[in-house]
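Have the sequence and the fold open side by side as you read.

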Amino acid sequence: MPFPKADGVDGRADIHFHLLPGVDDGPRTLDESLDLAVHAALDRTRTIVATPHVRSDYVTDVSQLTERVREVRARLARAGLRITVLVGAELGHDMVGRLSQAELDIVAQGPAGARWLLVETPFDGLADDFTAATAELRGRGFSCVLAHPERAVRLLDDGGVAVRRELSEGGLLQVNGSSLAGWHGEAARQVGFALVERFPAVVASDAHGATRPPALSIARELTRMRGLGSLTGDLVEVGPRALLCRGLPLPVSAAA
Ligand SMILES: [Fe+2]
C-alpha cells in the first residue's frame, strides 16, 4: 500500500502500546511504565500512543486518560527520556455505544476530518456485533484501525470476508510485531504474515511489559527477511506516522 509522506511526528511511532500504569494488563507502576518506555526508546521509537484497554473489564472512564498520560510524560521527562506520548485507547467494540462523541474524540488519532480509532479485534473473530460497532463509529465520523486481527486465528478461513468488508469501508489492519515474531504462537504468526502480505496494514508493538516488550525493530527485520521489500518501511516506519499525521483514509496517490 503506498503511504503518503508523514510530517509532524518525529521518528518511529508505535500506535498500540500499553504504557499507562495500573489501568489494565500493562505496567503496574509508574516505574514499570518508565522501564517500558526506555525499552521503546532503545528500539528507536520516538512517539508512543498510550492505548489502554477501554472495555468493561478495564478502563471505562475515558476522561481520566489525559491526566494519566500527563503523569507518565512528567515521569519520563524527569528521567531525561525524550519520547512523545499521545492519548489513545484500544477500544473494545462493546464500549462504542457507551461513549459520548467527546469521549471517543479523547482517544481518537489523526487530524480533523480524518480521525480514526484503534478497535480491538475479538479473539473469536469479527461477528455481527463487531461489524455493527465499527459501522456506528464510521457513522459518528471515525475510521477504524483493527488491532491485532491476526490473533483471531480463524479470520482467513472464509477468505477473510469480514476483514475485506472493514477494509472496503476505509479501515486498516494493525498487526502486532510480537505476532510476527511468533510470541503469540505459530498460528498468529502465519496469519499475521498473510495479512501484511495481502492487505493494507501497519505494524505496532502492543507492548505490555517485560514479557511483552516493544517489537518494532524485530518486526522490521522479519518483514525484510520475508522479502516484503519496500513494505518493510511502510509497515513499521511510514505507515504509523502517516496515520498520526494524515489520518484515515490515507490519500493513496502520494508516494511513500
Ligand atoms: Fe493491546
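## Ground rules

This is a predicted model, where local features need pLDDT of at least 70, side-chain atom pairs count only at pLDDT 80 or more, and totals for chains, interfaces and linings use all residues. Residues are numbered from 1 along each chain as its sequence is written, and side-chain values use heavy atoms, with hydrogens and water left out.

## The sheet

Six strands make an open sheet in the order S3-S5-S6-S7-S8-S9, with parallel pairing. S3 (53-54) and S9 (201-204) sit at the edges with a single partner strand each, so one side of each has no neighbour in the sheet. Strands are DSSP E runs of at least two residues, and helices are H or I runs of at least four; two strands pair if DSSP finds at least two bridges between them.

Look at S7 and S8 (residues 172-176): they run parallel and are joined by three bridges. Leu146 stands opposite Leu173 in S8.

## Gly160

Gly160 is in the loop between strand S7 (143-147) and helix H5 (161-168). Is Gly160 buried or exposed? Gly160 is buried, because its relative accessible area is 0% (buried means under 20%, exposed over 50%, partly exposed in between, with a 1.4 Å probe and protein chains only).

Thr60 is 100 residues from Gly160 along the chain, and their C-alpha atoms are separated by 31 Å.

## Asp128

Asp128 belongs to helix H4 (residues 128-139). Asp128 counts as exposed because its relative accessibility is 67%.
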